[in-house]
Amino acid sequence: MIEANAVYVIVAREFKKFIREKSRLISTIARPLVWLFLVGGGMSRLVPTGGGVSYMQFIFPGILGMTILFTSIFSSISIIWDKEFGFMKEILVAPISRFSVVIGKATSGMLLSTIQAVIILAFFPFLGLSIGPLEIVGIIFVCAILAFALASFGIVLASFYESYESFSVIMNFIVMPMFFLSGAMYPVKLMPPILQLFTKVNPLTFGVDALKHLTFPLEKGPMSPDFPFLLDVLVILAAAVVLVIIGGKAFERKG
Amino acid sequence: MQIIKVDNLVKRFGAITAVDGISFGVEENTIFGFLGPNGAGKTTTINILCTLIAPTSGNASLDGHDCYSESAEVRRSIGIVFQDSSLDKDLTARENLMFHAYLYDVPKAERKKRVEDALQFAELRDRADNLIKTFSGGMKRRLEVARGLIHRPKVLFLDEPTLGLDPQSRQNLWEFITDLPRKHDVTIFMTTHYMEEAEVCDRIAIIDKGRIIESGSPQELKKIIGGDVIYLKTADNKKAMEEIKGLFGIEASEKDGEIFISVPKGEACIPEIIRKIGEQVLSVRMQRPTLNDVFLKLTGKEIREENASPGDDIKEAVRSYRRRHDRS
């Protein structure tokens, strides 16, 4: 059972805290821009793409994926903070189901990530990309379902880690590899076969791939998307459903 | 009517038995105190009553609902103030209260009013929009108690409510708590290991090593000691002791140059002594029994203090066990 009032207030709390923490807002916006313009800008001169898009344009969908990945995971990891500082007890003794808590956390991760992805998306004209209004709607949709899936994944992680010391472990051994093995920085089809295996169990791969379809639909060269668009969307939707259920179970078990 | 009923409750964490077959009942709209040293099983019992953990065996019910199988009903009728603060320190006082009102589905029309009332009650109206991280320990506790009452619970649990507070804040908090049953029509279930603080309770259960060793009102418990103790300094202790034995038939003892006798009614006995052996008496003082004396008599030891003690080891073991297994 899901209590709407509980989901609403959990989301409202995350938003209030997010708006108050200016440094968090700035850093989550600044990080993708640094990657896009400093890494992407530099590499553009080095990497011949052999197609219509420049390297900087190529990584744009990946950078959107990065924004979503970091914000979603970070948002869900706040469960660890709540446990550490005792606030989680207030939630756990309330007459609401554990699943409402998970839905509330996943929804706040989804909304916060999507808002930030939209801010980054607004930079597309500076990259010489032209994206139509229909594609923009599609990008926002893909961002939202991807964010929900990743925030649910974050809840699974948060259920298994107890203290905030584990935060750097999660960042270095789970989040960063997920980013590099998603086709965000280089096409999946150019990776060694073993690494390709990892990309295929990574929901971010399919999110980034769907965003590539929407960002440069006409690209045919080595930088083109690796999977069919429909497959991408179905995988993300399936991942969202499966991960939120696992998240719910894990949270129920470990509190 | 008994609002809380506990029958032969047992909770084991691996090899450790935290609660070892306790039974008790709590009358509606009274203050019930659970008294015992750290690691005695107080918090474990509260966690079972609050539906946070499942008992190994036995029953606990609250307002007629089983704390394990009917946890949803139980949760609606309880408020809890945990040992450690469970406020969100990055939100304001008002936001914390509002969060609670939503979480407990307080009707929309009443939310604002109940939050304002709680702020008023906690005497924090002028700090309502300040972040919790700027609050003192006493302010946080008052706010937590007020928050626990927002959804009009039938029972309010207070787990060591004064832990870590300075004496002044403690005193204020107690005045605040003793008024609750009358003002808010609520039953208070509290734990403490400060004996003197348990005096405000209507009934007390003394718990040690997971078992209830005695229960009753503070007055009843003090009777276990057998009345007041009178201390006398006299010119000749030996002679005085003999005279007391001859006159009152009471065996007196001597300690640190003072003789002392235990009598049921000290205030009536003192004039009697002065009349009979007045010339020898240099000084006289009387001591009423404290709950500390009761605990000492029942367990043969002082209640352990807050610092590291064998109880803390058990607590730590229980915590780490729960991290690994429980949380059902």
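Of the 328 residues of chain B, 41% count as buried, a residue being buried if 20 or more other C-beta atoms, placed from the backbone, lie within 10 Å of its own. This is a predicted model, in which local features need pLDDT of at least 70, side-chain atom pairs count only at pLDDT 80 or more, and totals for chains, interfaces and linings use all residues. Residues are numbered from 1 along each chain as its sequence is written, while chains are lettered from A and ligands numbered from 1 in the order in which they are written.

**View 1. Chain B contains twelve helices and 14 strands.** Helices (H or I, at least four residues) and strands (E, at least two) are DSSP runs, numbered from the N terminus. Along the principal axes, the C-alpha atoms of chain B fill a box of roughly 75 × 50 × 40 Å.

**View 2. Helix 1 (residues 42-49) of chain B is mostly covered.** Eight of its eight residues are buried, among them B:Lys42, B:Asn47 and B:Leu49. B:Thr51, which follows helix 1 of chain B, has a positive phi, near 70°.

**View 3. The largest nonpolar core has 148 residues.** Such a core is a set of buried Ala, Val, Leu, Ile, Met, Phe, Trp, Tyr and Cys residues joined through C-beta atoms within 7 Å. A:Ala149, A:Leu150, B:Phe157 and B:Ile188 touch the most other members. Helix 3 (residues 55-84) of chain A gives the most to this core, with 16 residues. Leaving aside neighbours within four places in sequence, B:Phe157 is in contact (C-beta atoms, placed from the backbone, within 7 Å) with residues including B:Ile46, B:Leu49 and B:Phe189.

**View 4. In the model, 23 residues of chain A are in contact with 23 residues of chain B.** Helix 1 (4-20), helix 4 (87-92) and helix 10 (229-254) of chain A each supply at least two residues of the side of chain A that touches chain B. Helix 1 of chain A gives the most to that side, with eight residues.

View 5. The pLDDT, the predictor's confidence in each residue from 0 to 100, averages 85 in chain B, where 91% of the residues score at least 70. Over residues 305-310 of chain B the pLDDT is below 50. The model scores ipTM 0.87 and pTM 0.82.

Key:
Two residues are in contact if their C-beta atoms, placed from the backbone, lie within 7 Å. A residue is buried if 20 or more other C-beta atoms lie within 10 Å of its own, exposed if 12 or fewer, and partly exposed in between; C-beta atoms are placed from the backbone.
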